[in-house]
Amino acid sequence: MEYSPFLHSLHVVPSSHVRNKLFVFCIMLSLWVYMIYCCVGYCSTVPNLTYSSVRRHENDAATDNRDSSLGASRDLLNNENELDSRGDEWDEVRSEAKAVDDGAMSGFLNETESKKLPQAIIIGVKKGGTRALLEFLRLHPDIRAVGAEPHFFDRNYDKGLEWYRELMPKSSEDQLTMEKTPSYFVTREVPSRIYSMSKDTKLIVVVRNPVTRAISDYTQTRSKKPDIPSFESLTFKNISAGLIDTTWSAVQIGMYARHLERWLQFFPMEQLLFVSGERLITDPAGEMARVQDFLGLRRVVTEKYFHFNPTKGFPCLKRPEVNAKPHCLGKTKGRTHPNIDPQVVQTLRDFYKPFNRKFYKMTGHDFGWD
Ligand SMILES: Nc1ncnc2c1ncn2[C@@H]1O[C@H](COP(=O)(O)OS(=O)(=O)O)[C@@H](OP(=O)(O)O)[C@H]1O
């Protein structure tokens, strides 16, 4: 066999010169393969992958690092795997809305869009109707909101504001960025933390009759832990003395006046809006008008967007311009509540009366719970 310098350099003693040539060849080949791949249209999948990774990121925020919001409370209400905190509801409506409003790709292509810290936050209350309100607001073209609950100011604060900003969707200069995390309202450290992010943050609280709210909270817990004690026994510290257990979070959250006092140490009343959870069901367009005015937005989401579904017992969303079927929130919203001993319900009503009265006085609004 003849002596071959090529074979010799390749198989026997590969010189650095040949290795460099091979390296350049591999890179060229990869570039060619990539170009062919793009030419047949597959490159358009890249933005979708980016979008799903954003969604994953959103969901991570909600499932990360779980602590109790009410420091000293007895929290049997560990509902963190609730569908709601992942913000998956009404995705279909939102994607339709997005496509109509600005085209699915514009968020990636429009370089004037950027991620911003929220200028408005729905801070509570748990089981008040916060998901419904956020989803109603997301239909507004001037609002961009993160679907999952970020729990930044209560559980993820050590991750820093940049982490928080990254969770937000891109928005243009004239759009508002929003999020909702209902536990903020009752968490001691949150008012000062939001204040240090921006003292101009607009704060929205959806409130609901505290007795119904407590039962709703309990119903949610029981749906995941069917063996928990009865609502009646959890309500009392001492049932024969009729002593209410105010350390039980289901009871504690409803003492709205107490929580509000802490917020008023940082924010003026004009920066807070209280939405009636009851009216959000009976008159969603009316409550939405108040919310849009408060946020300084055009009244876009009006009665045309709502359709009351008698089977579900709640307003559902429809897109007025397309003849599509209305979309309702999922099964975790609007659960059937258990029957509670009427005497216990009355005792709780009496317990909340002074808190409610004080709350009406502070907010200048009678919510009609008594
Ligand atoms: N449109 C519409 N559809 C369905 N449900 C509605 C709606 N508007 C308000 N509600 C009420 O919202 C209650 C749940 O409140 P939240 O979304 O704040 O719950 S959570 O804290 O985020 O888990 C939920 O409480 P339950 O009825 O106890 O399940 C509903 O009463």
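Start by selecting the ligand: 20 residues surround it, the closest being Thr130, Arg131, Ala132, Ser216 and Phe314 (a residue is near a molecule if its C-beta atom, placed from the backbone, lies within 6 Å of it). This is a predicted model, where local features need pLDDT of at least 70, side-chain atom pairs count only at pLDDT 80 or more, and totals for chains, interfaces and linings use all residues. Residues are numbered from 1 along each chain as its sequence is written.

Now colour the shell by element. α7, α10, α14 (277-282) and β11 (314-317) each supply at least two residues, with α7 giving the largest share, three. Helices here are DSSP runs of H or I with at least four residues, strands are E runs with at least two, and both are numbered from the N terminus.

Next, pick Lys127, in the loop between β2 (120-124) and α7 (130-137). UniProt's unreviewed entry puts an "active site" here; such annotations may be inferred rather than shown by experiment. Buried or exposed, with 28 C-beta neighbours inside 10 Å? Lys127 counts as buried (20 or more other C-beta atoms within 10 Å; exposed is 12 or fewer, partly exposed in between; C-beta atoms are placed from the backbone). Leaving out residues up to four places away in sequence, Lys127 touches Arg208, Arg213, Ser216, Asp217 and Gln220 (contact: C-beta atoms, placed from the backbone, within 7 Å).

Last stop: show α10 and α16 together. Pro210, Val211 and Ala214 in α10 meet Val345, Leu348, Arg349 and Tyr352 in α16.

Key. Two residues are in contact if their C-beta atoms, placed from the backbone, lie within 7 Å.
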